[in-house]
Amino acid sequence: LGLSELRDGIARYTDALHPGRGADHWQPRLAVTSGGVNGLMLASQALVDAGDEVVVVTPAWPNLVAQPLIMGAAVVCVPLTVLETGPRNGAWVLDMDVLLSAITPATRLLVLNAPNNPTGWTLSREQQTTILEHCRRTGTWILADEVYERLYFAGDTPNSAASSFLDVAEPEDHLIVAHSFSKSFLMTGWRLGWLVVPASLTPAIGKLIEYNTSCAPVFIQRAALAALTRGDEVTLALVAHLRLCRDTLVPLLRAMPSVTLAEPRGGMYAFFRLAGHDDCLDTAKR
């Protein structure tokens, strides 16, 4: 499950972003993984059996669709839509009615990534609460890929991070949240991440880690401990740089003929529409 001192450090980091319960609450719920992708796969292995129904919000990083498929699941994609008018013309949005109608008692798992790769779409606190309450009624697990939570530009939260399902969920809700040191800590290639799970699920995740990778390499875990001591400094500089890139690039793209693009509220992508080329929207529906 990871070095105890690293889990303690991640617990303090988590409690700083999602205060109110204390680090001692988070530590038993943490599992250190060999990257975010490994954490997401472990979650699929823990929750999904062949024939299970899994709903995925798309467009998404392809692994989020592929991992349940590898486990033999029947994957249902719920596509985001694009606003066609108004000040947010070109923004990616979620039709909540469509999503909730897709999640039924037959749905084993809902997978979503927000802030989103590649669209920059984000979820509001109200949407997260609505989704969580609906999934409680249907008995559906939620796998939330929140690796971009610190790469957030809207500035409408006290801690300058995107709203998280951890802010609205109870400890034993059917919720797994995946994180990675790659994005906010600039440790891409180090292959280190973590999962926040219900404490009752932690031992099972530990067994899966043992038979997948044994553990994350110890020297990389110690590097993560060092990163946590300067995490806010690094993240603030990174977000300022990405904001400058966004504010420089987006107006230039929007000035081009046939290009539609809204200012993304999170992530590190400017995912635009080019008139006459709606391939990504078609793919999202498949």
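How many bridges join strand 2 to strand 3, and in which sense do the two run? Six bridges join strand 2, residues 53-58, to strand 3, and the two strands run parallel. Two strands are said to pair if DSSP finds at least two bridges between them. Strands (E, at least two residues) and helices (H or I, at least four) are DSSP runs, numbered from the N terminus.

Before I continue, a word on the basis of this talk. The model is predicted, and local features need pLDDT of at least 70, side-chain atom pairs count only at pLDDT 80 or more, while totals for chains, interfaces and linings use all residues. Residues are numbered from 1 along each chain as its sequence is written, and side-chain values use heavy atoms, with hydrogens and water left out.

Seven strands form an open sheet of mixed pairing, in the order 1-9-8-7-6-2-3. Strand 1 (30-33) and strand 3 (74-79) stand at its edges with a single partner strand each, so one side of each has no neighbour in the sheet. On average, neighbouring strands are turned by 20° against each other, direction ignored. Such angles are taken between N-to-C directions and run from 0 to 180 degrees; axes are lines fitted to C-alpha atoms, for helices over the stretch in contact.

Let us turn to strand 8. Six of the six residues of strand 8 (175-180) are buried, where buried means under 20% relative accessible area, exposed over 50%, and partly exposed in between, with a 1.4 Å probe and protein chains only. Leu175, Val177 and His179 point one way, whereas Ile176, Ala178 and Ser180 point the other way. Strand 7 (residues 141-145) pairs with strand 8 in the parallel sense over four bridges; strand 9 (residues 193-196) is joined to strand 8 by four bridges and runs antiparallel to it. Val177 stands opposite Ala144 and also opposite Val196 in strand 9.

Next, the helices. Helix 1 (residues 4-17) and helix 8 (residues 218-229) pack at an angle of about 30°, with their axes 9 Å apart. That makes the two helices roughly parallel, because angles under 35 degrees count as roughly parallel, over 145 as roughly antiparallel, 65 to 115 as roughly perpendicular and the rest as oblique. Contact, meaning heavy atoms within 4.5 Å, is made by Glu5, Leu6, Gly9, Ile10 and Tyr13 of helix 1 and by Gln221, Arg222, Ala224, Leu225 and Leu228 of helix 8.

I close with the backbone. Most residues other than glycine have a negative phi, and most peptide bonds are trans. Which peptide bond has an omega of about 0°? The cis bond joining Thr58 and Pro59 does. Thr58 stands opposite Pro79 in strand 3, and Pro59 lies in the loop between strand 2 and helix 4 (62-70). The bond from Asn117 to Pro118 is also cis, with omega near 20°; Pro118 lies in the loop between strand 6 (107-113) and helix 6 (125-138).

Positive phi values occur at Arg191, near 60°, and at Ser214, about 70°. Arg191 lies in the loop between strand 8 and strand 9 and is partly exposed, with a relative accessible area of 35%. Ser214 lies in the loop between helix 7 (202-212) and helix 8 and is exposed, at 53%.
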